[in-house]
Every structure is written in structure tokens, then in C-alpha cells.
Protein chains: 2
Amino acid sequence: MFSWLEGWLLRKLHAAAGSPGVRLAMPSGAQAGSAAAAAPSVVIRDAGTLASLILNPDIAFGEGYSDGRIEIHGDLLELLDSIYCSSRDKHDPAWYSRLYSWWLQIMQRNTRRGSRHNIHRHYDLGNDFYKLWLDRQLLYTCAYFPSPEVSLEEAQVAKMDHVCRKVVLRPGELVVEAGCGWGALALHMARYSGVRVKAFNISHEQILYARWRARQEGLQDKVEFIEDDYRNIRGRFDAFMSVGMLEHVGVSNYREFSRVVRRCVGDTGRGLLHFIGRNKGQPLNAWIRKRIFPGGNPPSLREAITIFEPWDFSVVDVENLRLHYASTLEHWLDRFEKSAQQVANMFDERFVRMWRLYLAGSIAAFRSGSMQLFQVVFSGNKCSSLPWTRAVLYQDLERQEPEWSHAHG
Amino acid sequence: MFSWLEGWLLRKLHAAAGSPGVRLAMPSGAQAGSAAAAAPSVVIRDAGTLASLILNPDIAFGEGYSDGRIEIHGDLLELLDSIYCSSRDKHDPAWYSRLYSWWLQIMQRNTRRGSRHNIHRHYDLGNDFYKLWLDRQLLYTCAYFPSPEVSLEEAQVAKMDHVCRKVVLRPGELVVEAGCGWGALALHMARYSGVRVKAFNISHEQILYARWRARQEGLQDKVEFIEDDYRNIRGRFDAFMSVGMLEHVGVSNYREFSRVVRRCVGDTGRGLLHFIGRNKGQPLNAWIRKRIFPGGNPPSLREAITIFEPWDFSVVDVENLRLHYASTLEHWLDRFEKSAQQVANMFDERFVRMWRLYLAGSIAAFRSGSMQLFQVVFSGNKCSSLPWTRAVLYQDLERQEPEWSHAHG
């Protein structure tokens, strides 16, 4: 009788997920979904977990998988791909899920203080952790693969070249970078484009590392790393760069973000925003916000464009690189799995499972088109610095790779 | 005394235009603005025209210039460039100008019937007229100049190749084109990409010409030219193309336009919209709407993106080609001036002045950034037809130009 009820609930759950090609099962033997032997399956260990999955599937799946109350038999990525694809057109979440999502949003508001807390929780997990699975230069944003088979290291360098070429940096110019991570792009711009850079970040660990790297490479006179909020940026610049920060700003802060951009570049400058986005405005997966990216809020392209309108900025170029983010994440997951034991020693098994789910789920989200990656180039209405066509982005770069590029091996 | 009043009003007018580097003058000798001998000047022939310029400058300038009540001494284009640049940041128009603008909008609504009337007024002026100053294939939209010095004929072919490559057309696919002009792009797609095309247009003159051309070139089995409104498009297609029509749709009709696009390509297709846009939503110059483009309504990029959001379409690529439109218009104006006597014989001197002002004003609008030209590529959430990077757009095309390309010399 109880097993019959479980079977009924499993079928309901499977239908609510858009009937993906996966099997749902419980220890009682109750099953639903695909009967194919090769189909990956989700084994739900207890009735409480099953109930929570029905009430708030995003949170319950993440929590259950992390705790071991949900086991995946078969390939996790195949399972997530299937669920993401089938759930593309599913209905809105139930009211209690939305209530929880809204409550998270309130609790994780990106005020100056809130942002500092949110960013600390993710980016200050320790540089040693990120070194295990990011590229040599620690770029924690979508790479650009000129062809799918290039290495992650090359693709991250190619991404930096790509964004520099998009804004046509010239020697002697002054550039501000909002959200500079471990500093790779700021240093790259200074080294290869001959610009001076002020780079802002509120992650303490990242800023310390970036300053160390600048000194190591003799670029401390060209690049200033400042541990401060983007809202406190002052001064006038030729270009505004922000790669992977807008997702943390929050749509409700775009008016202020917009004023900062305007203050930085006036009507003669230009800039680039690189960010995770959506096809339409909707909250990020609640579990990701709860456990991985507190305050995360990828905008729709339309929401992002509201940043440019008040100041008569022109949108010059938009490129959607979502498949490149899927590839980037595949590299990261692969390296992460190879270091899983070390990660478990640093943290614990639960942490490994959380991050595995986050990385694999992100691959599925970018593959399926649930998430997008936009690079937007904009210019002030008196800017005269942009190229005639985009052909220059696709010409071979000729330059000597310096010694330092091997220093972080 | 009267001359003193005129001088005061001229100074007021000059300031309201953002104090451009031009001189305003009246036969009485009253002057305002630039005192430089080389500055172009606007001579306002009578007090009534001066009063109308103060009340509703956009309309009064266009009407006065067309009628000869306003004369330009010096270079018209230099004058318009100066006015467009200085008025970028000017205040909102007065309430009576806005009232007139709004009244025009009501009178020129793009309902099915209204659109037919609006399109007829512009595009049915006679193919012989447009042949005088457009390229050989009669493309009446922004060209793409791989480098600034290529000819208009080449740049229009390059534009067609550019948009075909952006949506990656494959032989055997079925494409719908909304707003096909004189048919050049539809025929180009059929010839070079091997697709079949259904092309819609409500301009009777254009459709007749396009059908004649298809027969001439033996492409009548590949391309069907249909004299009908985009709202009546039925059927399923692999790609949706629209080059230079969205400006005529009107933002208030985007919900319906959006449903048409979705009906055409579902979630597996993709498409391209090429349109004149703005940095932010605002009405088109009232005189242009009154005399040249009734119902014209170039959207902001944000407004255009509302077309894609309801169906989970992804924006894949946005390119802003406003400087290419300025170049295109320079070619058109140059050819137009060379044929001015013929145009005067077809219509009259007033028509020549109207169109000269429209073409020169458009050059200034695109140069100054008052107008933008966007090409937006979008794809359904199950579309798998788009390229890995945009590099393919910048590779040399190798193909034999066929005989027909000389048939329209």
C-alpha cells in the first residue's frame, strides 16, 4: 500500500519535471519514468525526501543529493541534461517554492554589506581550492574556444584577447575593471594592450592573490588592485570592463550600476559587460543561491540593456557564448573530479557532492539553453574608438608569449 | 525693433538646438549662432517660418526647407551634422510638438489597412525613381562594407552574404522573408544558399518587380513572392528573415509580430531581424513621419528584444552597423544629386528638396548616433543550427558570380 503511494508520487514528480528520460526509484521498489536499462536513475532513499521533492524540487534535489539521501545511478550529467531539456517548458513553480525563492532573495540582498557577505561565501573558499580545477591563471568565467578542441588554458587566454579586442584598447589608456577575480584580465590588459588598470573586487582572498601576482610580474605600477565595492569606483576612464560580476549585482541595483558606468566613461568611453544571462527574467535556481551563489541574479538581456538606456549609450555588439560556457564547465568538472579526494580532505564529502552537482547542473543549464552567456559591448554617444567591422576579432594574433605565462604552472 | 525681436528669437532657437556651429539669419539682417565665415547658415525667409520653427522645429524645418522658405547657404550635410551632434542632449520637445507627434502616430497606425496605406505612400513612388539612386539590385536597406571603400553594389551583395551566413542557411531549407522589398535577398538566398523562400510584401510595385526578376532569372520555382501582410504568414519554416521591415511594424504590434515569428519557426528554427533602431525608445522625427515614412517607428534594442522573450528564443548575436548605414546613405545621396533633374521632372522641385533633406538628415542621424542599425540573430530553444563562433562571417567567400548579376546594369 505504502509502495503504491510512493509509485504514484514518483509518477507525479516525473511528470512535473516534464517526463525526462530518467528513472525515479525508491528502496521499496516503487518506480516511475523510463524503463530503459540504460536510463540513469534517481534513487530517493526515504519518504521524507520524496515529499520534499514534490514540495520544492530545486531545493530538495540539491539538498538530498548533497546529503546522500538521493543517489544517482548512471551518469549524473546525462541525467541532468535530460531533466533540463525536458523541463524547459514546464509550468511555474508552486507558490511555496516561489515564496522560498523570494525569501532567499530578501535574505541575500546585494546591498554593500550583503554583497560583501555573499561574495565572501563563494570566492573566499580558499585559493588552493580553486587552483585544483581552474586554469593556471585562475579565470573563473566562461572561456572562449576558437575551436572546440583547444585547451582550457588557451581558451581562457583567447577569451581575454577577445574582450580586449572587442573594446579596442590602446596603449596609455586608463581602464577600470569591476569584479576582477584573481586579476588575470587586468594583468593581461596591462601587459598586452599597454593600458593602466584600476581593478575592483570585494573578495579579500582574490585581491591578495592578484596583488601578489602583479608584483611577481612587475606590473604593480600598471595595475592597481583595490579591495572595494563597484559602487565606490571614482574617477574617469577610457573603458569599463566587467567580466562575470553583473550576475552578482542584482537587477534591483542596475540603476546604481548604470550611474557608476556613466560616471566612469562619460559619453566618450566604451566598455564591455560579460555575464551569465537568461532568455527572460526569472530567479536563479534556489538551491544554487542557497548553497553556491548567494545573491546570484543572472539578468535577461533586456534587463541588462536597461543599464545603457538612461545615458544614450549604444549597444555595439552582443555575442552569446553559452556553448562555450558548457565547454568551460566540462573542463572544470573534469579537473574537479580528478581532485575530488583533495577537495574532500579540504572540506568534506558533502561539499564535494554539492560542487559536483553545481558544476554538472551548470553544464546542463548552458547546454540546454536554460542559461546564456552574453558579452555586450557598449559605447558613449561621442565615442569614436570602435572598429569598422568585427573582422579584427577573427584575425590571428601575433605576439611573443612571455616567460611569466609559465610561472603559474 | 522688429529686427531686434527676430535676433532675440533666432538666439532662442539656436540655443534650443543645442548651440550648433551654424548661423541663423533673416533677410532683415538679424543673425544668431556662429560668426565664422565658413559656418553653414540657415536663412529663414519670413517671420511666420521663424515662429513655426520655435513652436515645432522638426516639422517647420522640413516644411520650410522643402518649400524654399528656408534656404541653406553652405553645405547642407555639414549643417545637419552640426545640428544633430549638438542636439543629442537637448531637452524634450514642447508639449505642442509632442501632441502633434502623438496625433501623427494615431493617424498613421500600422493596422493591416494603415500599413498598406503607409507602405504604398513610400515604396510605390515608382520603381523608375528608386532605380535612379539605389544599387543595381534595388536594396533599400543598410549595406555592409567589409572595408569603407568598397562600392555600393559590392556592399549590398556583402550585406546579403552577411545575413545569410549569420543564420547558416542550408540547401533544401525553407525560409520566410517578411518585407522583401524588390526581392534581391530572397533571390540571393535561393541562388547561393539553395533554400526555398516565401517572401512577403505589401508594396504592389515592389512585388511585381520581384516576380518579374524571379522569372528573368529562372528562380520562380524556388522563390514565391506573396503580396500580403506579415500578419497573414502561415506555414512552418526553418528560418525567419526580415531586413528593414521592423521599423514599419510599430512597437504596439510587437506582440502580434512575435506570435507570427514563433508560428513560423517554432522552437527549432532561427532567424534574423535587421532594423533601424534607437538607443532608447522615442518617436521618429515628426517631419520624416509626415512626409517620408508614414508610420515609421524604429525601436530601441530593448523594445525589439520583447519579441523574443515570450517564446524562450535566445538572442545569439547583435551587431550595430550604424556607420555602415551612414555610408550607404552617402552613396544614395550622391547618386540622388546626380539624378536630381530627372527626379524633378518625375515629380517636382519640392519633392527633390524633401528627399534631399531626408537623405542628408539620415546621414547625420546615423553618423551622430541618433539612429542605430541593428542586426539581431535569434534561435529557438531547440535550435541546433548555429555556428560555434562568428569567425565564419569573416572568411573569404569563394564563388562564381553568375551572368545574371550583370543583367540589371
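# Two chains, one fold plan: a briefing

In chain A, four strands make up an open sheet with mixed pairing, ordered β2-β1-β3-β4; strands count as paired if DSSP finds at least two bridges between them. Helices (H or I, at least four residues) and strands (E, at least two) are DSSP runs, numbered from the N terminus. This is a predicted model, in which local features need pLDDT of at least 70, side-chain atom pairs count only at pLDDT 80 or more, and totals for chains, interfaces and linings use all residues. Residues are numbered from 1 along each chain as its sequence is written, while chains are lettered from A and ligands numbered from 1 in the order in which they are written.

**The sheet in chain A**

- The edges of the sheet are β2 (31-33) and β4 (70-73) of chain A; each has a single partner strand, so one side of each is left without a neighbour in the sheet.
- On average, and with direction ignored, neighbouring strands here are turned by 20 degrees against each other. Angles run from 0 to 180 degrees between N-to-C directions, and axes are lines fitted to C-alpha atoms, for helices over the stretch in contact.
- Strand β1 (residues 23-25) of chain A runs antiparallel to β2(A), and three bridges join them.
- To find one of these pairs, look at Arg23(A), whose bridge partner in β2(A) is Gly33(A).

**The sheet in chain B**

- Chain B also has an open sheet of four strands, with the order β2-β1-β3-β4 and mixed pairing.
- At its edges stand β2 (31-33) and β4 (70-73) of chain B, each with a single partner strand, so one side of each lacks a neighbour in the sheet.
- Strand β3 (residues 41-44) of chain B and β4(B) run antiparallel and are joined by four bridges.
- Val43(B) has Glu71(B) in β4(B) as its bridge partner.
- Helix α1 (residues 2-16) of chain B lies across β1 (23-25) and β2 of chain B, and runs at about 20 degrees to β2(B).

**A helix pair in each chain**

- In chain A, the axes of helix α15 (residues 322-338) and helix α17 (residues 349-368) come within 8 Å and cross at roughly 155 degrees.
- α15(A) and α17(A) are therefore roughly antiparallel to each other. For such angles, under 35 degrees counts as roughly parallel, over 145 as roughly antiparallel, 65 to 115 as roughly perpendicular and the rest as oblique.
- The crossing of α15(A) past α17(A) is left-handed, meaning that the near helix is turned anticlockwise from the far one by less than a right angle (clockwise would be right-handed).
- Among the α15(A) residues that meet α17(A) are Tyr325(A), Leu329(A), Trp332(A) and Phe336(A), and among those on the α17(A) side are Trp355(A), Leu359(A), Ile363(A) and Phe366(A).
- This contact of α15(A) with α17(A) has eleven nonpolar, one polar and four charged residues. Ala, Val, Leu, Ile, Met, Phe, Trp, Tyr, Cys and Pro count as nonpolar, Asp, Glu, Lys and Arg as charged, and the others, Gly among them, as polar.
- In chain B, helix α15 (residues 322-338) and helix α17 (residues 349-368) pack at about 155 degrees with their axes 8 Å apart, which makes α15(B) roughly antiparallel to α17(B).
- α15(B) and α17(B) also have a left-handed crossing.

**Where the chains meet**

- Chain A has 29 residues in contact with 29 residues of chain B, where contact means that the C-beta atoms of two residues, placed from the backbone, lie within 7 Å.
- α14 (301-305) and β10 (314-320) of chain A each supply at least two residues of the side that touches chain B.
- β10(A) gives the largest share of that side, seven residues.
- The side of chain A that touches chain B has twelve nonpolar, nine polar and eight charged residues.
- β10(A) pairs with strand β10 (residues 314-320) of chain B in the antiparallel sense over three bridges.
- One bridge to spot is that of Asp317(A), whose partner in β10(B) is Glu319(B).

**How the copies are related**

- Chain A superposes on chain B (RMSD 0.0 Å) by a rotation of 180 degrees with 0.0 Å of shift along its axis. The superposition is by least squares on the C-alpha atoms of residues with pLDDT of at least 70 in both copies.
- The two copies are thus related as by a two-fold rotation axis.
- Val318(A) has the C-alpha nearest the axis in chain A, 2.3 Å from it.
- Of the interface residues of chain A, 100% are also interface residues in chain B, so the copies meet through the same surface.
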